[in-house]
Amino acid sequence: MKLLLRFACIALLLIGISMAQEPGHKVPSVELAPVGKVQVKPGGSAAVPLDFRVGSEFHINSNHPHSELLIPTVLKLNSGAPIAIVGVKYPAGEDVAFAFSQGEKLSVYSGDFSIVATVKAAPTATGGTYPVEGELHFQACDRSACYPPKSIPVKFSVMVAGK
Amino acid sequence: MLASGKYLDRARKHRAAGILVGDPVGVRAPDFELTSLDGKRVKLSDFRGKAVLLNFWATWCSPCKVEMPWFVDLQKKYGSDGFVVLGIAMDDSEPSKIAEFASEMGVNYPVLLGTDKVSDDYGNVQFLPTTFYIDRDGRIVGKGTGLLARSEVEASVQKALASKSAELNRQTTLSSMPAHPQPQTSAQ
């Protein structure tokens, strides 16, 4: 009886493991960590690091994937006057060969990565807090399957110091 | 309890509408009409009597690229047995780009332009590749998600081919029946 129970437990464990490894058991996620205080003087600029985390077991293409067929990770930001987005700097991707890539290395982000946006306040800017909004567009895969492209919102505020 | 009741109610409604819910094996494959890369309207039911490998893929899906040469080989190997591969491209890109990619991959089977509806009808295809194996009667005999081993893919193709269609069975039965029933003699 005990032996039967042990066999049943092992069988259930094996079923559990096989189900856990099947694609789709986890939804790919990319999250933005809270953005720190961004302060600029009128006419000045500031670099804003945006820290993202890719969910474990997943990777997303870098901003420069090695194939034009692959969907790059792109950050789009919009700001109203007096704030302008004057630059977006992406990190280099990590070149990784996956079981499915047949020796070909893909340029990807996984785990934590940061994109640095540079904001600039107009010289005529008056003191106050101004919102910057946008989205990060990416396409995720795990070790055996790929998921449809997705976007997550990106928001932060820029504080312009009064003259 | 209430939640599961709601789920079951939704599942019943989906089944009634021909949408796949849960394990699709044994269920009739939802019919569809999609546009092929060469502009033709293609229905799944056009292939009734054939075993079908229905592959959801996209040009941006690297694991999908691994399977495509296998499908080309399987189409060559089993095509004369009544087997057909149908690719459903879930790209947002231009059909000309998909066609160029398919041509580079040496694809020898129809590629159809996917829609949200066909994805929903097949149980909301969430990741690629996803492949359904459909027998000659239009019933799903297998589903593969993610990149599997070629041997697993071929085994599923053989399973889909193994089933004889009801129509074929009827014809076989009729042709094996004697034209004039023989009088039966009972053993004494």
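Author: Two residues are in contact if their C-beta atoms, placed from the backbone, lie within 7 Å. Please keep in mind that this is a predicted model.

Reader: What share of the contacts in chain B between residues at least 6 apart in sequence join residues at least 24 apart?

Author: That share comes to 73%. Chain B has 6 helices and 7 strands, running α-β-β-β-α-β-α-β-α-β-β-α-α from the N terminus on.

Reader: Why is B:G123 called partly exposed?

Author: Let's count neighbours. B:G123 has 19 other C-beta atoms within 10 Å. A buried residue needs 20 or more, and an exposed one has 12 or fewer. The count of 19 falls in between, so B:G123 is partly exposed. As for its place, B:G123 sits in the loop between α4 (116-121) and β6 (130-134) of chain B.

Reader: Which residues of helix α3 in chain B are buried?

Author: In α3 (residues 95-104), they are B:I98, B:F101 and B:A102.

Reader: How do you know that the buried residues of α3(B) line one face of the helix?

Author: Look down the axis of α3(B): its buried residues fall within an arc of 100 degrees, so one face holds them. The face turned away from that buried side carries the exposed residues B:S96, B:S103 and B:E104.

Reader: What covers the buried residues of α3(B)?

Author: The cover includes two strands of chain B, β4 (83-89) and β5 (111-113).

Reader: And what follows α3(B)?

Author: B:G106 does, with a positive phi near 70 degrees.

Reader: How much of chain B counts as buried?

Author: Of its 188 residues, 33% do.

Key. Residues are numbered from 1 along each chain as its sequence is written. Chains are lettered from A and ligands numbered from 1 in the order in which they are written. This is a predicted model: local features need pLDDT of at least 70, side-chain atom pairs count only at pLDDT 80 or more; totals for chains, interfaces and linings use all residues. Helices (H or I, at least four residues) and strands (E, at least two) are DSSP runs, numbered from the N terminus. The arc is that of the directions from the helix axis to the C-beta atoms.
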